[in-house]
Amino acid sequence: LRDPAARAAAQKACRCLLVDEFQDLTPAHLLLVRLLSGAEGAVFGVGDDDQTIYGYNGADPAWLIDFADIFPGAGDHPLQVNYRCPGGVVGAADTLLRHNTRRVAKTIRAQHSDRDGFMVAPATGDSVDVTVQAVTTAVAAGDSPSDIAVLTRVNSLLAPVQVALTQAGVAVTGGVGAEFADRTAVRAALAWLRLACGD
């Protein structure tokens with residue numbers, strides 16, 4: 001940044017930059033890419049603004065949203081077909097992501113249209129009960145518990161589902177482990193229960 005000769009030498013060596021996971025760059029990374037690319041450099045940024053996960057570190061989906069402003073003259077080549085997931089997963093993800101208020105305009109679609117048994121627990125009612133009902137219905141229909149995955153926004157939300165499925169006689173693997181009981185909030189809740197129950 002402070003050495004024009006070094007910057008010119010670096011720019012000469014870095015005339016074309018391919019930067020993956022562009023949405024997860026820190027401001028310092030973005031500055032480095034801009035310094036290396038210079039006025040004549042070409043930057044190929046690959047990423048997904050909907051997958052910015054390092055915001056605590058300064059990452060910002062704006063790096064992709066405003067890419068053409070950061071690198072004037074840039075074009076875009078949206079990849080909108082998901083080849084990895086069944087249609088139900090892609091449809092649910094697309095519906096959820098449309099709630100992001102600031103994002104690159106895109107329509108996500110699946111290569112495969114099958115729903116593949118995917119469901120989202122409704123926002124009304126008890127989500128644990130709905131989940132247990134869905135899992136036990138699938139097991140009763142012949143699905144193996146090992147072929148069923150329950151996903152939650154954060155890992156700790158799996159605990160009540162694990163307990164309820166175990167009580168319903170469904171074998172459970174994964175999820176939260178014994179370390180869950182060591183969390184401060186869980187220890188406090190268990191201590192309160194012991195006091196409340198006179199134990």
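Me: A nonpolar core is a set of buried Ala, Val, Leu, Ile, Met, Phe, Trp, Tyr and Cys residues joined through side-chain atoms within 4.5 Å. Which residues of the largest nonpolar core touch the most other members?

Reply: In this predicted model, the largest nonpolar core has 14 residues, and those touching the most other members are Phe22, Leu25, Leu30, Val33, Val43, Trp63 and Phe71. At least two residues of this core come from each of β1, α2, α3 (62-65) and α4 (67-70). The largest share, three residues, is supplied by α3. Apart from this core lies another, of seven residues, including Val128, Val132, Val161 and Val170.

Me: What does phenylalanine 71 touch, not counting residues up to four places away in sequence?

Reply: Phenylalanine 71 touches Phe22, Leu30, Val33 and Val43, and also Arg34 and Ser37. Contact here requires heavy atoms within 4.5 Å.

Me: Why is aspartate 50 called buried?

Reply: Its relative accessibility is 15%, and the limit for a buried residue is under 20%; aspartate 50 therefore counts as buried. This residue lies in the loop between β2 and α3. Leaving aside neighbours within four places in sequence, aspartate 50 is in contact with Leu97, Asn100, Arg103 and Lys106.

Me: What makes the pairing of the side chains of aspartate 50 and arginine 103 a polar contact?

Reply: The distance is 2.6 Å, and a polar contact needs N or O atoms within 3.5 Å, one able to donate a hydrogen and the other to accept it. The side chain of aspartate 50 also makes a polar contact with that of lysine 106, at 3.1 Å.

Me: How do you know whether cysteine 16 and cysteine 197 are buried or exposed?

Reply: Cysteine 16 has a relative accessible area of 62%, and cysteine 197 stands at 64%. The threshold for exposed is over 50%, so both cysteine 16 and cysteine 197 are exposed.

Me: What covers the buried residues of α2?

Reply: The cover includes α1 (4-13), β1, β2, α3 and α4. The buried residues of α2 are Leu30, Val33, Leu35 and Ser37. Just after α2, glycine 38 takes a positive phi of about 60 degrees.

Me: Which residues of helix α7 are buried?

Reply: In α7 (residues 158-167), Leu158, Ala159, Val161, Gln162, Ala164 and Leu165 are buried. The buried residues of α7 pack against α6 (127-140). Glycine 169 follows α7, with a positive phi near 85 degrees.

Conventions: Residues are numbered from 1 along each chain as its sequence is written. This is a predicted model: local features need pLDDT of at least 70, side-chain atom pairs count only at pLDDT 80 or more; totals for chains, interfaces and linings use all residues. Side-chain values use heavy atoms; hydrogens and water are left out. Buried means under 20% relative accessible area, exposed over 50%, partly exposed in between (1.4 Å probe, protein chains only). Helices (H or I, at least four residues) and strands (E, at least two) are DSSP runs, numbered from the N terminus.
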